[in-house]
Amino acid sequence: MNFPNYITHEKLQQFIRQAFLEDVGDGDHSTLASVPYEAIQEAELKVKDDGIIAGIELAKIIFDTFDPSIVVEAYKNDGDKVQFGDVAFKIKGSSQSILTCERLVLNCMQRMSGIATYAHEMMELVKGTNTKILDTRKTTPNFRMMEKWAVKIGGAENHRFGLYDMVMLKDNHVDFSGSITNAVEKTKDYLTKHHLHLKIEVETRNMHEVKEALAANVDFIMLDNFDLEIMKEAVLYINGQTKTEASGGITKESVRAIAETGVDFISSGAIIHSAKNFDLSLKAIK
């Protein structure tokens, strides 16, 4: 599978090790006490919701990391549409290993599938326009990699991963610097001095700032909390000279009308922070 470039084997292993350390500690005593070491069992991942499944590849890696002898037979792939009653995969192996891995796998997949489903719904709402849906940095600490992966699985796009891979000059940066012009000039000097090749985005709050940002020659102009008429005016004024991004309180109800203003991107924190957990369960096959 082709992983997004922010996912590496090392990062996945670090996440999985920390997650097991948090959950298992010095032992899964419920399982160790009640289930024989030599017991072998089969179990199914049952879907109890409708939407987009995500986290199957991660589940395989979690099982393999904890116990390489566990066999996973997948019936669905990440990004597939699923409905109540579907079985995503079957596993066979050590009963103890399956039980100890169960909650970590479910926690990841339920969260990821909820996000993928929300992202897919948002992309469907802007279908037929040229606008792409982006996520934001409004993520769960230490789980961002999985949440942004889920956004991609759902068909939307990732914005910058962190503070290090793109410059975004938001309202506080601008206000602390004195103006958009000052902030951009300082940023370009900084990037040159440190031999960094990063895109620059500037958040704007009104047409005056849009004009200033365009004159400053940046890569993206964010139109933050603009009403539809002003947003249309801004997009026409920019006229393709740089990329435009709408941001601020984007909902499923408003996203279509915003896309129809002609913006290139719509960033939505909600596709991650407001996605509901997808209902999944891992059940023994009796």
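This is a predicted model: local features need pLDDT of at least 70, side-chain atom pairs count only at pLDDT 80 or more; totals for chains, interfaces and linings use all residues.

Reader: What share of the contacts with a separation of 6 or more comes from residues 24 or more positions apart?

Author: Take the contacts in the protein with a separation of 6 or more, and pick out those between residues 24 or more positions apart. Their share is 69%.

Reader: How many helices and strands does the protein have, and what does its C-alpha trace span along the principal axes?

Author: Let's start with the elements: there are 11 helices and 12 strands. For the span, we follow the C-alpha trace along its principal axes, and that gives about 70 × 40 × 25 Å.

Reader: What percentage of the residues count as buried?

Author: A residue is called buried when its relative accessible area is under 20%. The protein has 286 residues, and the share that counts as buried is 50%.

Reader: Which strands stand at the edges of the open sheet of 4 strands, and why is one side of each left without a neighbour?

Author: Read the order of this open sheet, E3-E5-E1-E12, where the pairing is antiparallel. Two of its strands have just a single partner strand each, so one side of each has no neighbour in the sheet. Those edge strands are E3 (71–74) and E12 (280–284).

Reader: And what is the bridge partner of Glu-44 in E12?

Author: Strand E1 covers residues 40–47 and runs antiparallel to E12, with 5 bridges joining the two. Look across from Glu-44 into E12, and the partner you find is Lys-283.

Reader: Which helix packs on this sheet by touching E3 and E5, and which one lies across E1, E5 and E12?

Author: The helix touching E3 and E5 is H3 (residues 56–66), and its direction makes about 5° with that of E5. The other helix covers residues 95–125 and runs at about 155° to E5. That helix is H4.

Reader: What about the open sheet of 6 strands: which are its edge strands?

Author: This sheet has parallel pairing, in the order E6-E11-E10-E9-E8-E7. Neighbouring strands in it are turned by 25° against each other on average, if you ignore direction.

Reader: At what angle to E8 does helix H8 run, and what angle does the direction of H9 make with that of E9?

Author: H8 (residues 207–215) lies across E8 (200–204) and E9 (220–224), running at about 165° to E8. H9 (residues 228–238) packs on the sheet by touching E9 and E10. Its angle with the direction of E9 is about 165°.

Reader: How many residues of helix H5 are buried, and which elements do they pack against?

Author: H5 (residues 144–153) is mostly covered, with 8 of its 10 residues buried. Among them are Met-145, Trp-149 and Ile-153. These buried residues pack against helix H1 (9–24), strand E2 (51–52), H3, H4 and helix H11 (270–273).

Reader: Last one: which residue with a positive phi follows H5?

Author: Step past the end of H5 and check the backbone angle phi there. It is positive, near 105°, and the residue is Gly-155.

Notes:
Residues are numbered from 1 along each chain as its sequence is written. Side-chain values use heavy atoms; hydrogens and water are left out. Buried means under 20% relative accessible area, exposed over 50%, partly exposed in between (1.4 Å probe, protein chains only). Contact means heavy atoms within 4.5 Å. Two strands pair if DSSP finds at least two bridges between them. Axes are lines fitted to C-alpha atoms, for helices over the stretch in contact, and angles run from 0 to 180 degrees between N-to-C directions.
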